[in-house]
Amino acid sequence: MAEHARDKNNSRLTERGRATRKRILRAAADMMYVKGVSSTTLDEIRAASGTSKSQLYRHYPDKDALVQDVVALQAAELLERQHQQLERLNSLRGLERWRDALIERNALRNGAYGCPLGSLASELADQDEEARKAIARHFDTWEGLLEAGLERMKDSGVLRADADAGELATSLMAALQGGYLLAQTAQDVKPMKIALDMAIGHVKAYAVLAEDGDPPAGAREDA
């Protein structure tokens with residue numbers, strides 16, 4: 001993202017300019033994630049990134065422009081991780097591994113700060129229409145990864161044909177984001193795990209059972 005950035009004159013940045021812009025953006029993303037967008041000032045970002053005022057304002061003439069790139073950066077990094085975890089999702093065990101990875105990552109901070117994308121949504125959705133639309137698109141992409149995995153589970157006979165992959169994906173995403181919020185408030189990932197376990201339990205209600213009462217092989221192992 002930063003590598004493809006352009007300055008206000010729409011000319012390509014030099015290597016040094018790209019490095020400066022990337023440094024500003026990284027500092028802003030990290031600070032806004034911890035402190036929130038409204039509580040983070042451009043002066044703080046300038047100090048954290050080790051840039052001068054002229055450098056900062058050359059790349060980002062106002063805070064709104066910087067916030068747009070922060071949303072894009074947080075979404076790109078989050079969705080890259082989610083794509084790696086969900087691109088081959090085709091089993092209930094795979095869904096549980098997805099849950100475990102999310103909880104383990106959030107536990108490193110004791111649940112603090114919440115979802116990088118969800119935290120931005122809660123602060124910006126009612127304040128910045130462009131940011132709201134961008135975040136909504138990113139959530140659609142994330143939910144789409146879940147839906148595609150659930151569709152594969154239907155196609156392979158892990159889930160029944162009457163399972164609505166779209167609705168199940170929405171329920172998983174709602175449980176995840178609600179779990180992030182509760183974990184952030186409690187400074188404990190336990191509520192997040194409970195919420196995801198209940199949502200996955202709902203998905204399991206659509207599992208196709210073999211004659212011995214166990215899910216078919218595809219429900220236990222990813223391809």
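1. E96 is buried, with a relative accessible area of 16%. Buried here means under 20% relative accessible area, exposed over 50%, and partly exposed in between (1.4 Å probe, protein chains only). E96 sits in helix α5, residues 92-107. Leaving aside residues up to four places away in sequence, E96 touches I200 and K204. Contact means heavy atoms within 4.5 Å.

2. A word on the basis. The model is predicted: local features need pLDDT of at least 70, side-chain atom pairs count only at pLDDT 80 or more, and totals for chains, interfaces and linings use all residues. Residues are numbered from 1 along each chain as its sequence is written, and side-chain values use heavy atoms, with hydrogens and water left out.

3. Confidence. pLDDT is the predictor's confidence in each residue, from 0 to 100. The protein averages 90, and 89% of the residues score at least 70. Residues 1-10 have pLDDT below 50; this stretch still has 17 contacts in the model beyond near neighbours in sequence.

4. Fold content. The protein has 9 helices and 0 strands. Both are DSSP runs numbered from the N terminus: helices are H or I, at least four residues, and strands are E, at least two. Of the 223 residues, 43% count as buried. Residues 24 or more positions apart account for 70% of the contacts with a separation of 6 or more.

5. Back to α5. The expected span of a helix is 1.5 Å times one less than its number of residues. For the 16 residues of α5 that gives 22 Å, and the end C-alpha atoms are 22 Å apart, which agrees. Its buried residues are L92, G94, L95, E96, W98, R99, L102, I103 and N106. Their cover includes α4 (63-86), α7 (129-155), α8 (165-186) and α9.

6. Aromatic pairs. Rings of Phe, Tyr and Trp (its six-membered ring) pair if their centres lie within 6.5 Å; planes under 30 degrees apart count as stacked, over 60 as edge-to-face and the rest as tilted. The count comes to 2 aromatic pairs. In one of them, F139 and W142, the ring centres are 6.1 Å apart and the planes lie at 5 degrees, so the pair is stacked. Both residues lie in helix α7, 3 residues apart, about one turn of the helix. Both F139 and W142 are buried.
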